[in-house]
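Here's a quick briefing to read alongside the model. Have the sequence and the 3D view open as you go.

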Amino acid sequence: MKTYGSEPGAPTPQQVQVGISEFVVTDADTTLKSYGLGSCLAVALYDDQAEVGGLAHVMLPSGDEAGSEPTNPGKFADTAIRALLRRMVEEGATYTDVEAKISGGSDMFEFESFGEGVGIRNVEAAKAELEKLGVPLVAEDVGGKKGRTVEFNATTGVLTITVADGEVDDGEGAGVTEL
Amino acid sequence: MRLDTTALGTFHEMAREGAGIAAGRLTGIAEVEARVGITKLNFVRGNEIRKELAAGGEKVAVRVELSGAIEGHSMVVFDADSARRVLETLLGEEFDDTAPAVADGEDAAVDATGTDAGADAAAPAEFDELSQSAMEEVGQIINSGFVDGWADVLETAIDMTTPQFVQGTDPEPFLDGIDTTPGEEDMAIMFRSQIEAVGEAIGFTHYLFPDHDDFADLLDRLRETEGIEYDKLVGFDRMAQRGAEEVADNISTMTGFDTEIELRRLNFVPMAAIPQELGNRQLIAVAFEFEGTPSGYLVFCFEEESAATVVEGMLPSAPDDAFGEMGQSAIKELSNIMASGFLDGWANVLDTNIDHTPPEYSHDLGAAVMDPIVLQFGDSQEFAFVFDTHVQAAERGFDVEIYAIPDEDDLERALSQLDVDRIDDEPIEADFPIDEA
């Protein structure tokens with residue numbers, strides 16, 4: 001993926017924001033952050049031996065179903081996971097050591113046109129792709145009707161999830177969870 | 001002259017690419033990490049550009065004249081606060097913050113929190129020679145970043161003159177000598193970009209005033225579909241205006257608040273930028289789906305305090321929990337009436353019917369509220385026209401942000417059918433200031 005505004009030799013920032021449809025891989029001591037996930041899903045992959053990790057902020061379930069090779073693999077759960085894994089291996093990760101954590105995939109509204117919920121479909125698509133690739137899913141915090149902000153320490157593999165302190169209809173409440 | 005979303009998408013790509021190059025070069029010279037914030041295309045009337053340049057106190061601009069593939073002028077405009085932050089970043093201790101240019105320099109730290117203290121500055125102060133030449137350098141970097149970005153996207157060459165530094169509190173010095181500025185009632189497409197550095201937003205607006213014939217050729221070359229007649233863009237403006245007026249009236253009727261339209265703007269943005277714009281703020285959001293010509297989604301966003309104010313204004317006595325059942329129902333009721341008013345305003349301009357669903361309430365992070373809606377457009381639509389409206393009752397500390405995201409094909413169809421002569425008979429009343437985003 002193209003990173004706008006980055007110059008070779010520039011210092012590595014401590015925290016990198018991963019926006020919608022983006023993915024970032026790093027082997028540095030950097031926190032990758034995606035804020036305000038609603039139905040979008042954060043997929044975190046890491047190899048804690050090689051200390052290489054990556055975070056994808058995916059928007060839709062399947063790029064394969066969308067037809068021709070998508071120009072933006074970070075947009076879809078399946079293509080983002082493959083791209084993330086490929087990039088991590090290039091950066092020194094060992095395929096068989098990579099583990100996954102996911103968070104997000106809420107269904108915030110109940111419009112009829114939303115059908116069974118795109119949040120759930122994102123979660124299912126990510127799980128199916130991880131299984132197909134043989135990457136173990138070691139932790140998840142998904143679904144419900146709440147927004148989440150995630151911070152991922154790519155070298156330790158710790159995924160920190162913050163839930164807003166607003167009124168949450170399903171009584172899930174606010175707070176910080178570490179996966 | 002006709003345009004379509006493919007051509008606009010290319011314009012957006014030009015703006016984003018240009019902003020990226022500019023940010024990269026700023027990183028190089030200022031030794032700070034600069035990154036590109038949200039980039040938008042705006043559709044505005046010539047008189048609104050003038051109002052915008054007149055609003056918000058002193059401004060500083062750097063402009064260049066273009067020739068080659070695009071003829072016209074490119075101008076980067078900073079408000080005085082942003083210029084001050086740029087200079088502080090660039091010049092460090094050399095930046096003389098006791099000079100008249102920053103007579104209210106002590107307030108600069110406060111300004112950085114986003115208050116508009118610059119507007120209160122007394123008479124326009126002169127920038128000293130060092131500051132001027134530093135601003136020229138920054139302006140040149142940004143202008144040339146944009147121009148190089150466009151040239152890359154268009155695979156062509158664009159030349160530019162040496163930069164000209166301009167400062168003032170009214171539009172005249174900025175537009176002086178530019179014969180390609182749009183007339184009072186003509187619609188213009190404007191690029192609006194933001195570059196963030198060292199955790200502070202250095203906002204600027206970028207104006208391109210292209211030669212009309214050149215621009216028409218460019219649009220024709222980029223266009224892939226029949227698209228719509230350029231003149232019909234005036235319909236956008238009228239939709240935004242009528243929608244906002246209806247909402248302001250509804251709020252006054254329901255709450256007794258004295259409301260004003262603080263901003264109404266039509267943006268053309270990538271889908272992914274819509275949640276990003278609302279960001280990590282905790283909001284009360286009420287969403288609707290609407291169907292007809294056009295169909296789409298409409299979301300009212302209130303800050304928590306504003307929502308609590310509405311609840312107090314609507315209920316006979318304030319409930320213990322402003323966002324409990326009673327409060328939620330009051331907010332939904334007001335939003336429902338606003339939604340009807342807003343969409344009736346559109347339907348009147350477009351001469352169509354638009355229905356909407358009952359309200360869906362959410363109290364959560366802004367980005368999290370918007371992303372499910374963006375997702376509904378799926379992979380079919382990369383960009384959206386977003387009608388961005390703020391209505392406020394300043395005395396009551398109330399404001400609401402309204403985001404309307406119509407389906408792009410529907411909107412194009414609705415505009416194509418629009419009789420521009422008919423809407424020109426409608427009363428024109430666009431007399432309110434447009435503030436910077």
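How many helices and strands does the secondary structure of chain B come to? The answer is 14 helices and 17 strands, where helices (H or I, at least four residues) and strands (E, at least two) are DSSP runs numbered from the N terminus. Keep in mind that this is a predicted model: local features need pLDDT of at least 70, side-chain atom pairs count only at pLDDT 80 or more, and totals for chains, interfaces and linings use all residues. Residues are numbered from 1 along each chain as its sequence is written, while chains are lettered from A and ligands numbered from 1 in the order in which they are written.

**Sheets in chain A**

- In chain A, 5 strands make an open sheet with mixed pairing, in the order 1-3-8-9-10; two strands pair if DSSP finds at least two bridges between them.
- At the edges sit strand 1 (15-17) and strand 10 (175-178) of chain A, each pairing on one side only.
- On average, neighbouring strands of this sheet are turned by 20 degrees against each other, direction ignored (axes are lines fitted to C-alpha atoms, for helices over the stretch in contact, and angles run from 0 to 180 degrees between N-to-C directions).
- Strand 3 (residues 31-37) and strand 8 (residues 148-153) of chain A run antiparallel and are joined by 5 bridges. If you want a spot to look at, L32(A) has F152(A) in strand 8 as its bridge partner.
- Elsewhere in chain A, strand 6 (residues 99-104) pairs with strand 7 (residues 137-142) in the parallel sense, over 5 bridges. Here G104(A) stands opposite V142(A) of strand 7.

- Of the 437 residues in chain B, 53% are buried (20 or more other C-beta atoms within 10 Å of a residue's own; 12 or fewer is exposed, in between is partly exposed, with C-beta atoms placed from the backbone).
- Among contacts in chain B with a separation of 6 or more, 78% link residues 24 or more positions apart; a contact means C-beta atoms, placed from the backbone, within 7 Å.

**Where chain B meets chain A**

- The contact draws 35 residues from chain B and 33 from chain A.
- Helix 12 of chain B gives the most to the chain B side, with 8 residues.
- That side has 13 nonpolar, 14 polar and 8 charged residues (Ala, Val, Leu, Ile, Met, Phe, Trp, Tyr, Cys and Pro count as nonpolar, Asp, Glu, Lys and Arg as charged, and the others, Gly among them, as polar).

**A closer look at I142(B)**

- I142(B) lies in helix 5 (residues 129-154) of chain B, and it counts as buried because it has 27 C-beta neighbours inside 10 Å.
- Leaving aside neighbours within four places in sequence, I142(B) is in contact with A22(B) and V76(B).
- T169(B) is 27 residues from I142(B) along the chain, and their C-alpha atoms are separated by 22 Å.

Terms used:
Contact = placed C-beta atoms within 7 Å.
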